[in-house]
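Reader: I would like to go through this structure one feature at a time. Please give the general idea of each before the case.

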Amino acid sequence: MVDAGSRLILAFDFGTRRIGVAVGNELLASARELAPLPARDGIPDWAQVARRVDEWRPDLFVVGLPLNMDGSESVMSTRARKFGKRLYGRYGIPCEMVDERGSTREAKSIAREAGHRGNYRDQGVDGIAAVLILEGWFARGEGLPSR
């Protein structure tokens with residue numbers, strides 16, 4: 001078991017068509033986007049997930065929890081929690097859920113500033129959202145306010 005503070009983390013932005021993925025190092029509090037996982041009604045290709053887990057050997061999973069703006073749970077919250085439970089069940093790696101309110105909006109803003117034309121269906125911002133989720137998790141651990 002790796003000590004808290006020096007873990008490698010895979011973060012996920014759960015979606016029904018795509019699941020954004022980011023990898024980060026807790027010690028450096030840095031995250032970078034990986035290619036998104038295609039999903040069919042929220043179910044990923046588990047073989048692709050296994051390849052990511054084998055490649056990165058994470059110590060922790062972080063999954064964004066899409067809460068309503070008032071903090072209440074939504075249907076997507078339930079589905080994201082189920083995804084997190086399946087990650088833990090398949091790999092035995094701890095999984096933390098983190099409030100992701102506003103991450104998609106912020107990801108779209110970042111993408112627009114980088115020249116994105118706004119066709120998010122074909123060119124999603126899921127990976128950017130996963131990075132923001134992980135950076136928010138890092139900030140929370142450092143006692144900083146998240147986004």
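Reader: At the start of H2, what does a side-chain oxygen of serine 74 reach?

Author: A polar contact is a pair of N or O atoms within 3.5 Å; within protein, one must be able to donate a hydrogen and the other to accept it, and residues adjacent in sequence count only if both atoms are side-chain atoms. At the start of H2, the side-chain oxygen of serine 74 comes to within 3.3 Å of the backbone nitrogen of methionine 76. At the start of H1, a side-chain oxygen of aspartate 45 comes to within 2.9 Å of the backbone nitrogen of alanine 47. This is a predicted model, in which local features need pLDDT of at least 70, side-chain atom pairs count only at pLDDT 80 or more, and totals for chains, interfaces and linings use all residues. Residues are numbered from 1 along each chain as its sequence is written, and side-chain values use heavy atoms, with hydrogens and water left out.

Reader: Where in the chain is confidence lowest, and where is it highest?

Author: The score is pLDDT, the predictor's confidence in each residue, from 0 to 100. The chain averages 85, and 80% of its residues score at least 70. Confidence is lowest in helix H3 (residues 103-113), with a mean of 66, and highest in helix H1 (residues 46-56), at 97.

Reader: How many helices and strands are there in the chain?

Author: Helices (H or I, at least four residues) and strands (E, at least two) are DSSP runs, numbered from the N terminus. The chain has four helices and six strands, in the order β-β-β-β-α-β-α-β-α-α from the N terminus on.

Reader: How many residues does H2 have, and how far does it reach?

Author: The expected span of a helix is 1.5 Å times one less than its number of residues. H2 has 17 residues, and the distance from its first C-alpha to its last is 25 Å, close to the expected 24 Å. Glycine 92 follows H2 with a positive phi, near 65°.

Reader: Which residues of H2 are buried?

Author: Buried means under 20% relative accessible area, exposed over 50%, and partly exposed in between (1.4 Å probe, protein chains only). In H2 the buried residues are Ser77, Ala80, Phe83, Gly84 and Leu87. They fall within an arc of 120° seen down the axis, so they line one face of the helix; the arc is that of the directions from the helix axis to the C-beta atoms. On the other side of H2, Val75, Thr78, Lys85 and Gly89 are exposed.

Reader: What do the buried residues of H2 pack against?

Author: Contact means heavy atoms within 4.5 Å. The buried residues of H2 pack against several elements, among them H1, strand E5 (60-65) and strand E6 (95-99). Serine 77 is one case: it is at 0% relative accessibility and touches Leu65, Pro66 and Leu67, not counting residues up to four places away in sequence. A polar atom of the serine 77 side chain lies 2.7 Å from the backbone oxygen of proline 66.

Reader: Which residues of H1 are buried?

Author: In H1 they are Trp46, Val49, Arg52 and Val53. Their arc around the axis is only 115°, which puts them on the same side of H1. Exposed Arg51 and Glu55 sit on the face turned away from that buried side. Tryptophan 46 has a relative accessible area of 13%. Leaving aside neighbours within four places in sequence, tryptophan 46 is in contact with Phe83, Arg86, Leu87, Arg90 and Tyr91.

Reader: How many aromatic pairs does a search of the whole structure find?

Author: Rings of Phe, Tyr and Trp (its six-membered ring) pair if their centres lie within 6.5 Å; planes under 30 degrees apart count as stacked, over 60 as edge-to-face and the rest as tilted. The search finds six pairs. In one of them, phenylalanine 14 and phenylalanine 83 are tilted, at 5.6 Å centre to centre and 40° between the planes. Phenylalanine 14 lies in the loop between strand E1 (8-13) and strand E2 (18-25) and phenylalanine 83 in H2, so this pair ties together parts 69 residues apart in sequence. Phenylalanine 14 and phenylalanine 83 are both buried. The rings of tryptophan 137 and phenylalanine 138 have centres 5.8 Å apart and planes at 65°, so that pair is edge-to-face.

Reader: Which residues form one aromatic cluster?

Author: The cluster consists of Phe12, Phe14, Trp46, Phe61, Phe83 and Tyr91.
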